[in-house]
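I am opening a new notebook page for this structure.

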Amino acid sequence: MAKSMTSAPFGADQQAVTKASRSTELGLMVLAWIITTAFYVLASLGSQGHMPPRIWLFLTSIVVISLGMHFAIRHYAPHASQVLLPIATLLNGIGYVEIARWNPSNASYQALWFLLSALAVVATLKFVRHVRDLDRYRYLTLAAAIILMLLPLVPHFGENINGARLWVVVGPVSFQPIELAKILLAFFFASYFASNRQLLSTPTQRIGPKLIVPPRTLFPILVAWGFSLAILGAENDIGFALLLFALFISLLWVTTGLKTYVILGMGLFVGGAFVAANYFTQVHSRVAFWLDPWSAAHWAISDQLGLGWFSLAAGGITGTGLGLGQSGNIPFITSDMIFAAVGEELGFLGIILVLCLFMAFVGEGFHIAQRAHSDFVRLAATALTATMGFQAFFIMAGVLRILPFTGITLPFMAYGGSSLIANYIIVAILLRISDENANKIRGGQVLDVALT
Amino acid sequence: MSRRLSILATIILLLFVVAAAQAANIQFFRAPALDKSVLNPRVNEASTEYPRGEIVAGDGTILAQSVPTNNATYPYKRIYPLGDLTAGIIGFSSPYTQEWGLEAEYNNYLTAHAQPAESFEQLLSPTSAADTVTLTVEPALQKVAQNAMGGQDGAAVVLDPRTGAVLAMYSNPTYSPTPLTSLDPNIVAAAYKKITTPDAHGFPPLGLVATQQTFPPGSTFKVITTTAAVVGNPALLTKAYPVKAFTRLPHSNKLLFNDGGQPCGGTVAVMLPASCDPGYALLGLDLGANLMSATADSFGYDQLPPLDFPNVVPSYFPTAASFAANLPGLAYSSIGQENVRATALQQALVAAGVANGGEIMTPHFLSTITSPDGTVVKRYQNSVWLSPMNSNQAEQIVPLMENVVRYGTAAGIFPSDLDVAAKTGTAQTGNSLKNTDDWMIAFAPATDPTVAIAVVMPFQAESAFGATVAGPIVKCLVEGTLALQAGLPVSGTSTTCPSSPTAAAGSKA
């Protein structure tokens, strides 16, 4: 940033831009606060018949914490994208209203997670000044990711919740290390793919009449990916396995443009899914519940998906109104099933709102990726954005029964500290990348970057 | 790579569009079915958490109400103070089965629902309560019908021809709704099995005979044949048909005998009171298939009567085309035999149409729906359903039906001070069983009718007649209704009307 300021032809412009630049973000944030507060008040009036008791504390907290992030961005990344934080704040707010509605004690924790997330955003912006620097820690990120993913398997430390061993319990707090690991893995994939792009996309080895990519090139990444999936298999979590798989195939294709990888990947996936559905009991039952949640035998074991559909149906087009839904009997309503609660109280229109917010987020993420000036940064932005998009889709698709239910969290909305903090860190990294993009365009460092 | 990034972005955005499409599918197209699913806890919560609304008779008698229980899951249960007297029309509401009868018809009002807000807080958090449904039904007349029918299978329908209001609708077999409202699912299941099992005549108690069972209307159909002549071919009214005990049917060697075998004939004015079968068969052939079929439909045959009641079935008259190769069929159909079938409700509407100057008013049970604070949510608006004839044409038919009572087939049934117009019907059914379905339709006072009635008593002895079996029941209902409308006590108007269901056993003879 300091370098760009010295650039004479753009200096005057940039000063003006710097001063005015973040008013859009602030305006959108104010809108997010108003909507969230209105929803919070309506939900309380609807369910309790009176104003929420600590409305001023609520409003002050959300405004102060958000403003903290806003000013940190002004300071550390003044030219960053202005829509990401308001989108995250609004999704977070709508989710919080539903959490407060169905599980007030979870809501207090969620408020704490929000505060920690804001601190994580500030810390990320402060310490990650150049995303391209992270390219240096390729195998360190991989090692850290693997250690994080192994943590839940440590006896007395990890815990089984809802059939999956994904949690680490420290004192009163349980934590899902996979949420942070997914960011590290995204960086590892981006780094490896970026530096081996040529090798990966040029088939040189001959097998019969066809040329293929030398298996040696693919070896490390396949090992890393296979190891990740193996750990997840041990932890019995199909949600993140599916997420990592989608991320891996997407990045491989974006990097190389070879459809063979996609076809091969899909083949592996179908085969893997078939084997898993037949031999892993959790996968088998998830698929069975997905295909027919209504049969008496399935209903007796889990009525979660069916009740979710009843909630969505009760919501109809315009919703029952905040505070008037009856989703309380759905297991995991504040985490896995929060999309159903939103669908009931805000209706199809509310679902469209949430979908539009995610689409805007993903669109902005790809926009930032497009403008990045190195392969690594571009792939990192792509990986983080695609992770967010796929994760949101997979859990919504699970509730809507487009896909089997995977029980991963709905980014920003579902209850969960690790998920919220990790997703805010993704926001911070995307903010940093977009700030770099803006600086480079203005600062005349294009050549410099292109050479690296 | 830039192009592939755009493609990946598009793919992810399209996934969200797929999610939106599926949300629309669930929340719009599949929502009605999901909302009603038996697995949906909202269905039971709504019907058990709050008391259901009351169903009240025209005279204020409570026909259905919810009372508190000490069961935590089902804090309210339904009681029906009049039991089997109104079970057929009220139906029942149980946590273990779907609603039946008027409980089902007006379920949306009877189930607790959000009430209009009276304060800002209520606007945001609506209170739930159910409406009260007031019917046109008069329990006293239900009782008259039940007593007069003496436990025999059959149906009686009493309408106010001026409005279409159902004053009474009683059918045997009936059932006690009490075990069906039990909180013990086993008791409910046993009772439900019992009321869905057909009796010796094939009628399950749960299916209301008056609206769900059709019978050959026999000679009561001659009112429709007469209307066809009055409206469509008045010249035939003056044609004198030969006085004979039988007639030979065209294109066949079938002989159609008059009921009872005595010779009968003349003009329509002579033949209706005496109910001449051969003459009316020839009249029907003269009127032709098109006119007969169209006239039957103009009274509501082959259509669903718009009664505010579930599971009503239409009555049936064959299509005109079906008679092209079956002229004997047209002859039999003109006297309400062969394939013609009618519900008691349909024939009551025929009587009501003639009584109301040719206009059949839409039949209805509903009087008003009131919210808990007493405001009228819905008031039934009377409307004309069908107009088979104009008032001048109706006036030509009324005296013929009066003569049925004065010196025709219903002579001696009604006290001479009652000005009643009627038509009897005795349909032979079953080739080997040799039963009769005995009918009477009537309205009174003939000069300015305020009541229209149809009674059908199926599976009666071969020797029985509409006049002898259905006649006394209609008489009691006419007397009862006119007394009620005059503000007099219904019971005790006639010593010949039974005061309990069993005392009427003598009317079988």
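**Entry 1: a proline in chain B**

I started with Pro177(B) and looked up what it touches beyond its neighbours within four places in sequence. The list is Tyr80(B), Gly83(B), Asp84(B), Ala87(B) and Phe92(B). I note here that the model is a predicted one.

Where does Pro177(B) lie? I found it in the loop between β8 (166-172) and α9 (185-195) of chain B. Is Pro177(B) buried or exposed? Its relative accessibility is 1%, so it counts as buried; the cut-off for that is under 20%.

Lys254(B) is 77 residues from Pro177(B) in sequence, and their C-alpha atoms are 49 Å apart in space.

**Entry 2: chain B as a whole**

Chain B has 509 residues, and 55% of them count as buried.

I then checked how far apart in sequence the contacting residues are. I took the contacts in chain B between residues at least 6 apart. Of these, 64% join residues at least 24 apart.

**Entry 3: a six-strand sheet**

Next I traced a sheet in chain B. It is open, has six strands and runs in the order β3-β2-β1-β6-β14-β15, with mixed pairing. Which strands stand at the edges? They are β3 (76-79) and β15 (376-379) of chain B. Each has a single partner strand, so one side of each is left without a neighbour in the sheet.

Inside this sheet I looked at one pairing. Strand β1 (residues 55-56) of chain B pairs with strand β2 (residues 62-68) of chain B in the antiparallel sense, over two bridges. Val56(B) has Ile62(B) in β2(B) as its bridge partner.

**Entry 4: strand β19 of chain B**

I moved on to β19(B), which covers residues 451-460. How many of its 10 residues are buried? I count nine, so the strand is largely enclosed by the rest of the structure.

I looked up its partners. Strand β18 (residues 435-444) of chain B pairs with β19(B) in the antiparallel sense over eight bridges. Here Asp438(B) stands opposite Met457(B). β18(B) and β19(B) form a hairpin, with six residues between them.

Strand β7 (residues 154-159) of chain B also pairs with β19(B) in the antiparallel sense, over five bridges. In this pairing, Ala155(B) has Val456(B) as its bridge partner.

**Entry 5: chain A and one asparagine**

I turned to chain A. It has 20 helices and five strands. Of its 452 residues, 56% count as buried. Among its contacts between residues at least 6 apart in sequence, 72% join residues at least 24 apart.

At 1% relative accessibility, Asn437(A) counts as buried. What does its side chain reach? I found the backbone oxygen of Ile368(A), at 3.0 Å. Setting aside residues up to four places away in sequence, Asn437(A) touches Ile368(A), Arg371(A), Ala372(A) and His373(A).

**Entry 6: where the chains meet**

Last, I looked up the interface. I found 54 residues of chain A in contact with 37 residues of chain B. The area buried between chain A and chain B is about 3900 Å², and carbon and sulfur atoms give 75% of it. Which three residues supply more than any other three of the area that chain A buries against chain B? They are Trp309(A), Phe310(A) and Phe393(A), which supply 16%.

I then counted polar links. Between chain A and chain B there are zero salt bridges. The rule finds 10 residue pairs in polar contact across this interface, with both residues at pLDDT 80 or more.

I also asked which helices chain A brings to this side. Those supplying at least two residues each are α3 (23-48), α11 (238-256), α15 (304-315), α16 (338-345), α17 (347-371) and α18 (375-400) of chain A. By class, this side of chain A has 31 nonpolar, 18 polar and five charged residues.

Notes:
Residues are numbered from 1 along each chain as its sequence is written. Chains are lettered from A and ligands numbered from 1 in the order in which they are written. This is a predicted model: local features need pLDDT of at least 70, side-chain atom pairs count only at pLDDT 80 or more; totals for chains, interfaces and linings use all residues. Side-chain values use heavy atoms; hydrogens and water are left out. Buried means under 20% relative accessible area, exposed over 50%, partly exposed in between (1.4 Å probe, protein chains only). Helices (H or I, at least four residues) and strands (E, at least two) are DSSP runs, numbered from the N terminus. Two strands pair if DSSP finds at least two bridges between them. Contact means heavy atoms within 4.5 Å. Buried area is the accessible area (1.4 Å probe) that two parts lose on being put together, summed over both. A salt bridge is a side-chain nitrogen of Lys or Arg within 4 Å of a carboxyl oxygen of Asp or Glu. A polar contact is a pair of N or O atoms within 3.5 Å; within protein, one must be able to donate a hydrogen and the other to accept it, and residues adjacent in sequence count only if both atoms are side-chain atoms. Ala, Val, Leu, Ile, Met, Phe, Trp, Tyr, Cys and Pro count as nonpolar, Asp, Glu, Lys and Arg as charged, and the others, Gly among them, as polar.
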